[in-house]
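Subject: Handing over a structure

Dear colleague,

I am passing a structure on to you, and I would be glad if you kept it open while you read the notes that follow it. Please take them slowly and check each one against the picture.

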Amino acid sequence: MSGHPRRGGCFQTRPVMNTAMDDAGRCLLSVAWNIRTGGPRADPRADAVRERLRTVCRGLGHAACRFAAGEAGGDPVPLLRLADRAYEVDTLLLLVGTSLIPDSGRDLRWWGEIERLAGEVDGMVVEASAVLGGVCV
């Protein structure tokens, strides 16, 4: 605490925070929070993908916020790429699970894309974790 020279009052100084990393962490937490659950055509396969995305985004989001509170620097881009990919996969899962007229050919194409994108998530987790000092999720 220190006094403000012109007002005579006291104010508390706060530690400087790495806002880019904090923002990236909060972005991951927001994505984790907004990943849909269930749906009109609940699918255990889709639920498993969503749960994995939720776990990864939540874990790395909290880790990024902790990192930002204590460290300067770090590249938030791998974290933001992961958040973007998780959101993209969740959107495709929504399309597969809520189409008005089920089309097995279309669903197979979408599942192929979902599996390809979800397969890239593990590599993105490694990159994001490396930025945070090797946090494992």
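Let me begin with R116, which counts as partly exposed at 41% relative accessibility; here buried means under 20% relative accessible area, exposed means over 50%, and partly exposed lies in between, with a 1.4 Å probe and protein chains only. Before going on, please note that this is a predicted model, in which local features need pLDDT of at least 70 and side-chain atom pairs count only at pLDDT 80 or more, while totals for chains, interfaces and linings use all residues. Residues are numbered from 1 along each chain as its sequence is written, and side-chain values use heavy atoms, with hydrogens and water left out.

Side chains of opposite charge can pair when their charged atoms come close. R116 forms a salt bridge with E113, with 2.8 Å between the closest N and O atoms, where a salt bridge is a side-chain nitrogen of Lys or Arg within 4 Å of a carboxyl oxygen of Asp or Glu. These two residues, R116 and E113, are three apart in helix α4, so about one helical turn separates them; helices (H or I, at least four residues) are DSSP runs, numbered from the N terminus. E113 is itself partly exposed, at 29% relative accessible area.

R116 also meets the side chain of E120 in a salt bridge of 2.8 Å, N to O. E120 and R116 are four residues apart in helix α4, again about one helical turn, and E120 counts as partly exposed at 32%. Through shared partners, salt bridges join R85, E88, E113, R116 and E120 into one network.

The structure holds 11 salt bridges, and another of them links R26 and D22 at 2.8 Å, N to O. R26 and D22 lie four residues apart in helix α1, so they are about one helical turn from each other, and D22 counts as buried at 8% relative accessibility.

Which residues touch the most other members of the largest nonpolar core? They are L60, L79, L82 and L132, in a core of 33 residues, a nonpolar core being a set of buried Ala, Val, Leu, Ile, Met, Phe, Trp, Tyr and Cys residues joined through side-chain atoms within 4.5 Å. The elements giving two or more residues to this core are α1 (19-34), α2 (44-70), α3 (77-98) and α4 (104-131), and α2 gives the most, with 10 residues.

With best wishes
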